[in-house]
Amino acid sequence: MVRVHYHILFVAAVLLLSTGLAAGENSLERCIICHSADGNGATKEIPVIAGQKVDYLKAQLVRFRSSDRKHAIMQNQSRYLTDAEIDRIANYFATKVCQQPAKSLEYPVSVHLLANCLNCHGGREPDMSRNLPNLAGQRVGYLVRQLLVFRESAMKTAGIRRVVRTHPIMAEFARNLSTQDILTVANYFNGLGCGPQMGRR
Ligand code: HEC
Ligand code: HEC
């Protein structure tokens with residue numbers, strides 16, 4: 001009797017372990033469908049996560065998982081990730097090279113508008129602080145949407161109900177941006193581009 005129990009327990013443990021490992025692999029395979037194996041994003045709608053700071057990536061995955069940052073796709077994608085998977089996947093994308101072309105600016109941009117942003121986020125030379133995201137080379141549409149969402153959340157007029165993102169620091173900075181400012185800074189950071197020589201960390 002006791003023997004049978006041990007046997008069943010052993011089989012169960014092996015099954016759990018193997019499905020657990022498989023689940024981990026599947027998670028990364030799912031990420032790659034949209035973010036691509038090199039993290040530069042399969043389409044223009046997908047943010048670049050290649051070379052992004054590892055602590056920032058981990059923090060965002062934890063926030064999607066707890067629905068503190070709301071986005072239907074990413075809440076679903078992160079729902080079943082364990083802390084260990086988040087660590088592993090964040091490290092995977094952080095070590096990829098961000099590769100986006102530099103572009104000339106569509107709008108003139110005032111130093112005054114950018115001074116604060118550059119202070120925290122860095123420009124071509126990314127800021128060294130571990131939890132401040134690099135913006136250089138990030139997709140324009142994604143940057144615009146995040147700034148609108150920060151602003152709307154800050155003003156508590158969130159018209160966009162499914163996409164909500166709050167952050168005490170960014171709420172303050174986004175609140176003071178006009179829609180034109182948002183387009184300008186988004187184009188500026190996207191236009192910086194990124195590549196191995198810029199070392200987005
Ligand atoms: C079906 C497409 C899709 C899949 C699959 C997917 N993502 Fe995403 N991901 C997105 C989109 C779209 C966004 C932008 C979310 C937003 O606007 O807030 C995003 C945002 C992110 C962000 C935030 C980036 C930032 O700069 O803050 C991270 C990190 C991320 N995804 C990691 C992952 C990981 C890890 C996986 C696999 C477990 C994954 N994604 C699977 C589409 C996808
Ligand atoms: C005092 C530091 C600070 C300043 C100044 C600042 N930011 Fe941020 N920013 C942050 C932090 C911290 C985050 C990460 C928020 C989070 O964890 O959700 C962030 C996030 C962002 C994001 C989202 C990035 C992503 O990958 O999803 C954008 C876009 C952004 N900031 C743009 C700006 C712009 C444009 C300015 C200037 C108007 C600016 N920031 C000024 C600290 C700052």
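These are my notebook entries on a predicted model of a protein chain with its ligands.

**Entry 1: ground rules**

I number residues from 1 along each chain as its sequence is written, and I letter chains from A and number ligands from 1 in the order in which they are written.

**Entry 2: confidence**

I looked up pLDDT, the predictor's confidence in each residue on a scale from 0 to 100, and found that the protein chain averages 84, with 79% of the residues scoring at least 70. Over residues 9-23 the pLDDT stays under 50, and for this stretch the model has 0 contacts beyond four places in sequence, a contact being two residues whose C-beta atoms, placed from the backbone, lie within 7 Å.

**Entry 3: the chain as a whole**

I counted elements as DSSP runs numbered from the N terminus, where helices are H or I runs of at least four residues and strands are E runs of at least two. The protein chain has 8 helices and 0 strands, and its elements read α-α-α-α-α-α-α-α from the N terminus on. Of the 201 residues in the protein chain, 27% are buried; for this I call a residue buried if 20 or more other C-beta atoms, placed from the backbone, lie within 10 Å of its own, exposed if 12 or fewer do, and partly exposed in between. Among contacts between residues at least 6 apart in sequence, 69% join residues at least 24 apart.

**Entry 4: around ligand 1**

Which residues come closest to ligand 1? I found 20 residues around ligand 1, the closest being Cys31, Cys34, Gln60, His71 and Gln77, where a residue is near a molecule if its C-beta atom, placed from the backbone, lies within 6 Å of it. Helix H1 (2-35), helix H2 (54-65) and helix H3 (72-78) each give at least two residues to this shell, and H1 has the largest share with 6 residues. By type, the shell around ligand 1 holds 12 nonpolar, 5 polar and 3 charged residues; here Ala, Val, Leu, Ile, Met, Phe, Trp, Tyr, Cys and Pro count as nonpolar, Asp, Glu, Lys and Arg as charged, and the others, Gly among them, as polar.

I then followed Cys34, which lies in helix H1 and counts as partly exposed because 16 C-beta neighbours fall inside 10 Å. Leaving aside neighbours within four places in sequence, Cys34 is in contact with Ala42 and Ile46, and Ile46, 12 residues away in sequence, is 6.7 Å from Cys34, C-alpha to C-alpha.

**Entry 5: two serines in loops**

Ser36, in the loop between H1 and H2, has a positive phi of about 65° although it is not a glycine. Ser67, in the loop between H2 and H3, likewise has a positive phi, near 65°, in a residue other than glycine. Ser36 is partly exposed with 17 other C-beta atoms within 10 Å, and Ser67 is partly exposed with 13.

**Entry 6: around ligand 2**

The shell around ligand 2 has 18 residues, of which Asn116, Cys117, Cys120, Pro133 and Val185 come nearest.

**Entry 7: H6 against H7**

How do the axes of H6 and H7 cross? They come within 8 Å and cross at roughly 95°, the axes being lines fitted to C-alpha atoms over the stretch in contact and the angle running from 0 to 180 degrees between N-to-C directions. H6 is therefore roughly perpendicular to H7, a term for angles of 65 to 115 degrees. The contact is made by Leu147, Phe150, Arg151, Ser153, Ala154 and Met155 of H6 together with Met170, Ala171, Ala174 and Arg175 of H7, and these residues divide into 7 nonpolar, 1 polar and 2 charged.

Thr166 lies in the loop between H6 and H7 and is partly exposed, with 17 other C-beta atoms within 10 Å. Beyond four places in sequence, Thr166 is in contact with Ser153 and Ala171, and I also noted Ala154, 12 residues from Thr166 in sequence and 7.1 Å away, C-alpha to C-alpha.

Note on methods:
Predicted model: local features only at pLDDT ≥ 70, side-chain atom pairs only at ≥ 80, totals over all residues. Parallel < 35°, antiparallel > 145°, perpendicular 65-115°, else oblique.
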